[in-house]
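Subject: Structure handover

Hi there,

Here is the structure I promised to pass on to you. Please have a look, and then read on for what I found in it.

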Amino acid sequence: MIDETFEQIQDLPCNRLDSLAKSLVGFQTHYERIYKYLLLTLSPDDLRRWSRKHYGKVLPICGLIAQKYPLFIFSGDVGTGKTVTAQCLADQLTRNLKKEGFLLQLSTRVRGSGLHGQMSQLIQNAFQELMKQAGKKRLAFLLIDEADAIASLRSTEQMHQEEKAAVNTLIQKLDEVRQSDGRAIIFLCTNRAKVIDQAIYRRSALHVVFERPSQEECFELLTRDLEGTGLSAGELLELASLISANGHHGKLGYTFSDIRLRLLPEALVSVFPYEPLTFDVLRQTAMSTKPSPEIRSWQVLITKRLFWRNWNEKLNLVDTLVPESKIKINLVSE
Ligand SMILES: Nc1ncnc2c1ncn2[C@@H]1O[C@H](COP(=O)(O)OP(=O)(O)OP(=O)(O)O)[C@@H](O)[C@H]1O
Ligand SMILES: [Mg+2]
């Protein structure tokens, strides 16, 4: 059951995630923002202690916090860092609280063939395992990635019965998880917050919107990733301004993954093995590599519709629907 339900199961703390967190621009800011919410969700006793210390009794406001669900929604364009941030947060939190933890990663992108009840069953299995792990006095994290496929609006006319059932199951399971006395945390990642069902949205402790990096963040990332290549600060700044919003490619800047997984590898491939990596090569590559396009709601809809079909069918259908567009293919196959 476990193998079929999860794309990845990770014991925490994990050294790989620790190093990854150190390589992420802006991670600390995300961490500090989310940390207190996580703490309050994980340790309601601490909140009551705080209240007694400062007011001599448990204030009603503590009850309001207790009504929050241990659910964090991360939304943003493709490649803005939702998945890696969720993974690294789980790791850092486990470290800072000096506990052991368990990260269960449910991927809806490649799961499910539309058989009746399959998606609901998948969610049930995931939460069953989550509660089992949380019950062992460890922190248990469930990462529901690409959640558009299961958490979207139930009111949509065309919504498949199976998807409606999945949303209902998810809501019911979120309600149950609150009984876990604060040791289970759920991260839900989506490209479009707008398609998330309101009932799920309302239950979240926090919604974090992930943006494409600013010029300063591009500069910071390039400085880190191009360390040792001998580029000057001025050259790095010029590259950062080329690839960020209102740079060479217009309004839309690069995503983090455009920089790390496209620009830098492509520049490297073009000089390897005979030449060193120069500013001119990087500049040229930056000018010829376009940023990933923004995801629009209709693309999410197509992804959702394609979700239940098998792989070849997906690609054929995308081709038929929007022959000139590679975006959808990236969306479903990336
Ligand atoms: N804050 C960051 N600093 C540096 N690199 C980052 C950051 N966020 C993401 N990246 C890089 O971008 C890549 C993609 O990140 P991630 O998979 O988390 O994006 P995502 O938002 O989950 O995208 P998708 O919507 O496609 O699932 C990662 O491999 C990582 O190296
Ligand atoms: Mg992701």
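The chain holds 17 helices and six strands; please keep in mind that this is a predicted model. Of its 334 residues, 36% count as buried. If you take the contacts between residues at least 6 apart in sequence, 77% of them join residues at least 24 apart.

On to the cores. The largest nonpolar core has 50 residues, and those that touch the most other members are Leu104, Leu130, Phe141, Leu142, Phe187 and Leu188. Helix α7 (residues 118-134) gives the most to this core, contributing seven residues.

Leaving aside residues up to four places away in sequence, Leu104 touches Phe6, Ile9, Ala126, Glu129, Leu130, Phe141 and Leu142.

I also looked at one helix pair. Helix α13 (residues 256-271) and helix α14 (residues 279-288) have axes that come within 9 Å and cross at roughly 125°. The crossing of α13 past α14 is right-handed. On the α13 side the contact is made by Leu263, Glu266, Ala267, Ser270 and Val271, and on the α14 side by Val281, Leu282, Thr285 and Ala286. Sorted by class, this contact of α13 with α14 has six nonpolar, two polar and one charged residues.

Best wishes

Note on methods: Residues numbered from 1 in each chain as written. Chains lettered and ligands numbered in written order. Predicted model: local features only at pLDDT ≥ 70, side-chain atom pairs only at ≥ 80, totals over all residues. Core = buried A, V, L, I, M, F, W, Y, C linked by C-beta atoms within 7 Å. Buried ≥ 20, exposed ≤ 12 C-beta atoms within 10 Å, placed from the backbone. Helix = DSSP H or I, 4+ residues; strand = E, 2+ residues; numbered from the N terminus. Contact = placed C-beta atoms within 7 Å. Axes fitted to C-alpha atoms, helices over the stretch in contact; angles between N-to-C directions. Left-handed = near helix turned anticlockwise from the far one by under 90°. Nonpolar A, V, L, I, M, F, W, Y, C, P; charged D, E, K, R; others polar.
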